[in-house]
Amino acid sequence: MNILVCLSQVPDTTTKISFTSDNKELNKAGVQYIINPYDELALTKALELNEASGGGSITVVHVGGADAEPVLRKALAIGADQAVRIDTAPMDARQVAAEIAHFVSSASFDLVLAGRESIDYNGGLVGGMLAEYLDWPLVNVATSIEGGAGGSMIVCRDMDGGREKLEVYLPAVITCQKELTEPRIPNMRGIMAARTKPLQVLAPQGKGADMHVLEHALPPSRQACRFFEVHQMDELVEALHQQAKVL
Amino acid sequence: MKILVYAEQQDGHLKKSAVEAVSFARQSFESRGDLNITVLLGGQVDTQAAAELGLYGANSVWMPAESILNSFEVHLHALAIQQALAESGAEVLVMAHTYCGKSLVPRLSVAWDAVLAAGVNSPPECASDGSWKVYRTVYSNKGIASYSVSGVRRILSFLPNALKPVECSSPCTVFPWNTTVNSAAAKTRSLELQKVQGKIPLTEAERVISGGRGLKGPEHWHLIEDLAEVCDAATACSKPVSDMHWRSHDEHVGQTGITIKPDLYMAVGISGAIQHLAGVSSSKTIVAINTDREAPFFKVADYGVVGDAFEVLPQLTQAIRRLRKG
């Protein structure tokens, strides 16, 4: 299959978040960027699907500036065949989805995989918007993906209060959840090969953003913890009942 | 101001998020004198249950006359909502940011060409020029961003448990609603549904009891389950616990798991790594139980017990039982 994997780069999960003095953006000093963990699962799944079927190619696409190229090289080292970067600052989900949709219409992909959300803006919207732009089916939050009969895929997805197994015909957009697979660490051969794999930079279509960030803030700090001894459980329960009113 | 609310149902019962969605719309735009809220039910439910949405601010409720929407197929529901948007003349669509909502709102924002404020924490602040200021958490709960939202058509989805439903009786009528959506428009075919039986879904839970490595093994989880049972709570776990397969991954809360904001979150034997705290720090009240007084969880907890989970949990469960009986 020809599979497209949408990649975003995000601050490492251990990052302590702070904002610039005008609160307009993230304070990037000392921040390490990684492939968004759910996108990395999408990439690994793409490799597994093509290894199982014995063919096809994998393209990764990113909407953003040249600072994301180390992350794209890492994706190539993990095993993607080529990378595409659409050269514009990502502003909101609709803009990113429109740019990727335009790229997808100019190529021939059977399947688009993306993470279920990025761990920076946590929107979880790009996959669904992309599916609508392309008029393709969407399966959101997939925990397993397998090839089915006659060009279909069998997918399990998380839903409210359970899980659903469903069949979807390609081409389709599927967003990836934990449990789908385990990420792969690139080996030396992959890292060497990544240097010469194609990384194409495309000009954007230039769709503007709908959503504009006014400012950022840190979550309000919480009051100091009130401690109870092991033999004071009735007192703790009383506090939860009377003071916090949560029991 | 005309608003369409999409209300979820499952197996013929309104979901908790249905009442929340109606009340969220009512509380957000109450100050608009010309507010009119139409509710599209995402499937057929009991007529009386539908009429009760009036208690939370619905003016009319549209009950699908056909059974086609009773199971959730995202493409059929998206088309039905578009039909209802056109028929109601709504400028704003409101729904919960549940798994269903997360699948619907991105598609609808493109299809209906609407500005999407997804997963907001609280009702929008409405400015005199008609724009909204909305707040949502970013960086997996480590930050909060405010956005300005304007545009002729808007979609607002809110996090479950973001706002307590408030009763405000408004005259409400339930109408049968005929959809033009045809089952041929479905793009996926459901093969099997596995529902979690008898358990409170984590994302809907008002109280959550969560266990970490301090429990020392899956065989001790009855202590967590007993406590959860006495306080009608859902159970959750930390990442190491789901990674070691002590508990299934759908219980994993944290930055790369589920983000929740219950009224009460109790962390038992979880040290409080930054990634875990990110997923739970918007909980209203946090209780931490840990043997290590220096555990980071105590820095964000409202109440703490330094002690062995095996000793604390049975006593805490008993104490809550006494309160419930009392």
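**Exercise 1. At what angle do helix 4 of chain A and helix 4 of chain B pack, and how far apart are their axes?**

Before we start: this is a predicted model, where local features need pLDDT of at least 70 and side-chain atom pairs count only at pLDDT 80 or more, while totals for chains, interfaces and linings use all residues. Residues are numbered from 1 along each chain as its sequence is written, chains are lettered from A and ligands numbered from 1 in the order in which they are written, and side-chain values use heavy atoms, leaving out hydrogens and water.

Step 1. Find helix 4 of chain A at residues 126–134; helices here are DSSP runs of H or I with at least four residues, numbered from the N terminus.

Step 2. The angle is about 40 degrees and the axes are 7 Å apart. Axes are lines fitted to C-alpha atoms over the stretch in contact, and angles run from 0 to 180 degrees between N-to-C directions.

Step 3. Helix 4 of chain A and helix 4 of chain B are therefore oblique to each other (under 35 degrees is roughly parallel, over 145 roughly antiparallel, 65 to 115 roughly perpendicular, the rest oblique).

Step 4. Now the residues: in contact (heavy atoms within 4.5 Å) are, among others, Met129(A) and Tyr133(A) from helix 4 of chain A, and Pro106(B) and Val110(B) from helix 4 of chain B. By class, this contact has six nonpolar, two polar and two charged residues (Ala, Val, Leu, Ile, Met, Phe, Trp, Tyr, Cys and Pro are nonpolar, Asp, Glu, Lys and Arg charged, the others, Gly among them, polar).

**Exercise 2. Work out how helix 5 and helix 9 of chain B are arranged.**

**Exercise 3. How many residues does each chain put into the contact of chain B and chain A?**

Step 1. Chain B gives 93 residues and chain A 82.

Step 2. Together the chains bury about 7,300 Å², 56% of it on carbon and sulfur atoms (accessible area, 1.4 Å probe, lost on being put together and summed over both).

Step 3. The interface has eight salt bridges by the rule (a side-chain nitrogen of Lys or Arg within 4 Å of a carboxyl oxygen of Asp or Glu).

Definitions and conventions:
Helix = DSSP H or I, 4+ residues; strand = E, 2+ residues; numbered from the N terminus. Buried area = accessible area lost by both parts, 1.4 Å probe.
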